Protein chains: 2
Amino acid sequence: MSTANAYAAPSAHDALTPTTIERREVGPRDVAIDIKYCGICHSDIHHCRGEWGDVPYPAVPGHEIAGVVSAVGAEVRKHAVGDRVGVGCMVNSCGECANCLKGDEQYCIPGNTQTYGSVDRDGTITRGGYSSHVVVDEAFVLRIPDGLELDVAAPLLCAGITTYSPLRHWEAGPGRQVAVVGLGGLGHMAVKLASAMGAEVTVLSQTLSKQEDGLRMGAAAYHATSDPATFEQLANRFDLIINTVSAEIDISAFLGLLATDGALVNVGAPSAPLPVAVFSLLLHRRSFAGSAIGSIAETQEMLDFCAEHGIAPEIETISADQINDAWERVMQSDVRYRFVIDSSTLG
Amino acid sequence: MSTANAYAAPSAHDALTPTTIERREVGPRDVAIDIKYCGICHSDIHHCRGEWGDVPYPAVPGHEIAGVVSAVGAEVRKHAVGDRVGVGCMVNSCGECANCLKGDEQYCIPGNTQTYGSVDRDGTITRGGYSSHVVVDEAFVLRIPDGLELDVAAPLLCAGITTYSPLRHWEAGPGRQVAVVGLGGLGHMAVKLASAMGAEVTVLSQTLSKQEDGLRMGAAAYHATSDPATFEQLANRFDLIINTVSAEIDISAFLGLLATDGALVNVGAPSAPLPVAVFSLLLHRRSFAGSAIGSIAETQEMLDFCAEHGIAPEIETISADQINDAWERVMQSDVRYRFVIDSSTLG
């Protein structure tokens, strides 16, 4: 056992406060990681506030972890002390179901072990990356390629893979029209990734306030969804729409922007069901789909892709005592485009 | 011009009555067809009662047409006098859009010309198959293979292709688990077709009242959706669910029955939007999709497939004066499994 410094939510309603937590001994297949940076994801807030179900408090969130290996178990082969590594949204899975066997651990049928708030295989509750170090099974530890700094690598472990995976699955690439709804943490990664894959990218945002950024990131066009003309002008246009907005939007209106056989893919989920006009689906054999993070192999592929193409999130680095303020700003969409905690400030 | 006997709805609220309508001269690329049988589709009722938008009355419905060629235009190459032929839901399309050019006339971007209630290229309103004969562009006339009787061929032109197309598109076949929601006119065709394609088919119906029929048609299993245990027992089971029910059902519950990467495909549409729980989509990268009829080439393929595999709808043949009673029974789901009008009784 070892003691880590951490920031934890004591309840659904209290601010996060500094604390210490226990990490397990480094087992034969475990990797101990000194965390250098951890991104702030909107999911951290939903989780800690109990908006997605019961939470075993105190809750230590954080699933965009980048750091350096400090120790490895005797059987570890993938990583060595001193390696630059990352951990994303999951730290284990059953390893035996049809999905795990084909390398889709993110869709583990009994359910994978999330980086925070899950029951781990030893019965303890997992605690995430708002902390100084973590111990993780080597199979769920990613290699961060040389071309990527650790601070910008951190948000790739969730915001990066969550957008990369559906872009690959629904074949974003040359000759394909891709729209990204929302230009936040996930949206700005979707724009950069889809553009690097060769697709023609359009941003659909409530207003034009971030238009300059969107075009700089690689979008070919930028439209305000507050303008009804957008929905007429772009009807039947897109092969793929990635919706990064978790708030309730008029899905049926966005479905009308899909070309024949097009897919609108949600990567976030509002808590209430969304009304879908079925005629919009029928008319052009359109689909409304969802996608959750990506597999471990695909996450490695994404990191390598980002290093190769010089893609990085745009970040604002904060110290641990700024976490609560940062959360407020995330909820007001006042961040361009991802907060990253400098873990050396955890004390 | 020629005069055809027909049954027409004079308004949204009146019963259908016998009348006569004019058919255009047989143009160079036209085929004149003596209609022998016409299926009754629930869409006929929705349309004539104005439930899907404004209707140019009097309305002559019917888009499951089977008959014999009585005359052809000078440039017609596909069909000859005496041929056994069929006409489905569309009688023309723009021929120039991206979808028409790739042979997906059903998704014609400016919109195809429906067999009834559409504005035809000559400005007249199309009138459907509840009539003694019809004149149609040869490109939209199907060949009925020798192995199929005309009475059972008729419902294939809508109920058959509407289910065949999504089964092919979403790859029903050996090793695939396919569920069919609803065992009516479309549902019973979906069961027969999916089973002939080699998929393992499960019927999901409100009650077990038609279980014997479903199993006889090729289903391997039959479950009542009124029993909550069905949704636990079959969770994550199906690669494809074809929903033939136009009434509002709990789509989110059915999405939970899909395996990873599975698709729930609606082939009918309720008029009100359906609430969709997005988490159900995210968890296993599921899709909620729609599909509308099929292309002309695919419709021919379906007719040939049915002849080859000895597949036919189960029909109840009626005379024209029974049409209004048959409509009442369709609305009460009291038909096993499709009404077909004997067109010789039109007078």
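This is a predicted model: local features need pLDDT of at least 70, side-chain atom pairs count only at pLDDT 80 or more; totals for chains, interfaces and linings use all residues.
I looked up Tyr337(B) and found it in the loop between helix H10 (323-331) and strand E18 (338-342) of chain B, helices (H or I, at least four residues) and strands (E, at least two) being DSSP runs numbered from the N terminus. A cis peptide bond joins Arg336(B) and Tyr337(B), with omega about 0°.

Residues are numbered from 1 along each chain as its sequence is written, chains are lettered from A and ligands numbered from 1 in the order in which they are written, and side-chain values use heavy atoms, with hydrogens and water left out.

Next I checked phi, since most residues other than glycine have a negative phi. Glu171(A), not a glycine, has a positive phi of about 60°; this residue lies in the loop between H3 and strand E10 (177-181) of chain A and is exposed, with a relative accessible area of 57%. Asn236(A) also has a positive phi, near 60°, and is partly exposed at 30% (buried is under 20% relative accessible area, exposed over 50%, partly exposed in between, with a 1.4 Å probe and protein chains only).

Last, I looked at helix H3 (residues 150-169) and helix H9 (residues 296-309) of chain A, which pack at about 100° with their axes 9 Å apart (axes are lines fitted to C-alpha atoms, for helices over the stretch in contact, and angles run from 0 to 180 degrees between N-to-C directions).
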